[in-house]
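Please look over the sequence and the model shown below before reading on.

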Amino acid sequence: SGREGDRAKEKAAFDLIMRDKERLLSFEEPTAFIFSHSALREGWDNPNIFQVCALRQVGSERERRQQIGRGIRLAVNQEGERVKDEGVNVLTVAANENYKSYVAGLQTEFEQAGYPGAQQPPTRNARESVRARRRKERYLSKDFEKLWERIKHKTRYRVEVDTERLLTEVVEALDAEAVAAPAVTVQKVRLDVSDEDTLTPLVVTGAKTVLELAGRYPLPNLVRIMEDLLVRTSSPPMRVSRATLLEVYRRTRQKQAAIANPQEFARVAVRIIKRKLAAQLVEGIKYEKTGHWYCMELFDEDKDLFAKHVVPAGARSLYDHVACDSDVERDFAHALEGDDRVKLYVKLPPWFKVPTPLGEYNPDWAVVAADTDAHGQETERLYLVAETKGTDEVAALRQEEKQKIACGRAHFEEALEGVRFKAPITREEQLWE
């Protein structure tokens, strides 16, 4: 009976996690890690598994394959899109010697099937993939050589933070927030099931507070909580000195709220600090070359792409097929093919990244075009980097998207020479505006 009770508790906790998955996966959620016990069996649906740790002896090969299979699916980002990046989709298995031997044997099977060395085996169905082949004449052309010479450089950035300005902005925004005291509330509802098997909740009684929790537990170290949230809920981690975090508490009018509900106060404060700090970091960012660069040899001769994300490409493209993740990108690629001013274009690979305070930025396209005079005669070559979005209105983008685009502009147009950065755009015609 005790074992059944434990299983019931585990199931209840698991059901709660599944119902609240969207909140748990949000960057605003202070929970940094989720440890799942006995949850790698049938019905477990979480693609963002990157570590599997076997705490007991796993007997059958079927069970081992089942557990490994939970961790070799493509990860999902905050927009619900699959991340097709081999640098992200890596599974780490921590286990005993027997399990280690099994994983090593499984990796050998993958290699014998055609995935040599340390390359991670793809999880796609080979019948649903398309092999994109690099066009040798384009790869060795002067246009691609000159384009790559301009955009290949790696950079580092320098930022300045005005601490007093940061404190003023954070405290002003924090004082305008409502930080409720923790409480247990009860509300009765009735569920009606329709003929279509949909559940309709009907409120029977309003929410009633049955227990106030403020003051019932010892106060934690508020500064430490805020410091941990900044580091663990940001990518890359954001760091602010403890003195600055303490000063936020000293200046705010929300001191009583911080005492009544320190966890919620810390969550709200950190959300505001991250937003205000990111704005400052991007506002005055300066890039400079590091002396290192991305080599042309990183472009694979052949690469497998998902068939549903691919469009055939004409002679202007570096590859005979182009990966397009949206209708906007598909239309953009077709327009590039039909524009005689475009001499060469390439969809930039996932490994081509620009460092920013908000994480690495991977722009979409690089284009070589010919500018013409009033008589239609070519005057000079243009070297363009473009970012396509569903909207060309900067204000309509998410805050992080806007800030990364601002960093991209500083990287390409200020640190590099002879490169024009176009973002965000929705149509190929906007390259020429």
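**A walk through the predicted model**

The lining of the largest cavity is made up of four nonpolar, one polar and five charged residues, where Ala, Val, Leu, Ile, Met, Phe, Trp, Tyr, Cys and Pro count as nonpolar, Asp, Glu, Lys and Arg as charged, and the others, Gly among them, as polar. The model is a predicted one, in which local features need pLDDT of at least 70 and side-chain atom pairs count only at pLDDT 80 or more, while totals for chains, interfaces and linings use all residues. Residues are numbered from 1 along each chain as its sequence is written, and side-chain values use heavy atoms, with hydrogens and water left out.

Which residues line the largest cavity? They are F27, E28, E29, P30, L229, T233, R267, V270, R271 and K274, and helix α11, residues 262-283, gives the most to this lining, with four residues. A cavity is here a set of points, on a 1 Å grid over the protein atoms alone, where a 1.4 Å probe fits but cannot get out, and lining residues have an atom within 4 Å of a point. The structure holds one cavity of 30 Å³ or more, and about 50 Å³ of space lies in the largest cavity, a volume being the space filled by probe spheres set on the points, with grid points joined across faces, edges and corners.

Turning to the whole chain, the secondary structure comes to 13 helices and 16 strands, which are DSSP runs numbered from the N terminus (helices are H or I with at least four residues, strands are E with at least two). Of the 433 residues, 36% count as buried, that is, under 20% relative accessible area, whereas exposed means over 50% and partly exposed lies in between, with a 1.4 Å probe and protein chains only. The accessible surface of the chain comes to about 25900 Å², and 49% of it belongs to carbon and sulfur atoms; such areas come from the Shrake-Rupley method with a 1.4 Å probe, and for residues only the protein chains shown count as cover. Among contacts (heavy atoms within 4.5 Å) between residues at least 6 apart in sequence, 68% join residues at least 24 apart.

Strands near the end of the numbering come next. Strand β14, residues 365-372, runs antiparallel to strand β15, residues 378-388, and eight bridges join them; two strands pair if DSSP finds at least two bridges between them. Within this pairing, A369 has L382 in β15 as its bridge partner. The two strands form a hairpin with five residues between them, and G376 in the turn has a positive phi of about 80 degrees. On the subject of backbone angles, most residues other than glycine have a negative phi, and most peptide bonds are trans.

Strand β15 is also joined by four bridges to strand β16, residues 420-425, and these two run parallel. Along this pairing L384 stands opposite R420, and A386 has K422 as its bridge partner. Five of the six residues of β16 are buried, so this strand is largely enclosed by the rest of the structure. P424 is found in β16, and the peptide bond that joins A423 to P424 is cis, with omega about -10 degrees.

Leaving aside neighbours within four places in sequence, E387 is in contact with Y361, N362, P363, D364, I405, K422, A423, P424 and I425. D364 is 23 residues away from E387 in sequence, and their C-alpha atoms are 5.1 Å apart.

D339 lies in the loop between α12 (327-337) and β13 (342-347), and D339 counts as buried at 10% relative accessibility; not counting residues up to four places away in sequence, D339 touches R316, E428 and W432. P357 is placed in the loop between β13 and β14 and is buried, with a relative accessible area of 8%. With the sequence neighbours up to four places away again not counted, P357 touches Y157, V159, P236, L281, I285 and C407.

Finally, V130 sits in strand β3, residues 129-133, and is partly exposed, with a relative accessible area of 22%. Beyond its neighbours within four places in sequence, V130 is in contact with K303, D304, L305, A307, V310 and H321. V130 and H321 are 191 residues apart in sequence, yet 8.2 Å apart in space, C-alpha to C-alpha.

Terms used
On a 1 Å grid over the protein atoms alone, a cavity is a set of points where a 1.4 Å probe fits but cannot get out, and a pocket is an open set with protein on both sides within 12 Å along at least five of seven lines; lining residues have an atom within 4 Å of a point.
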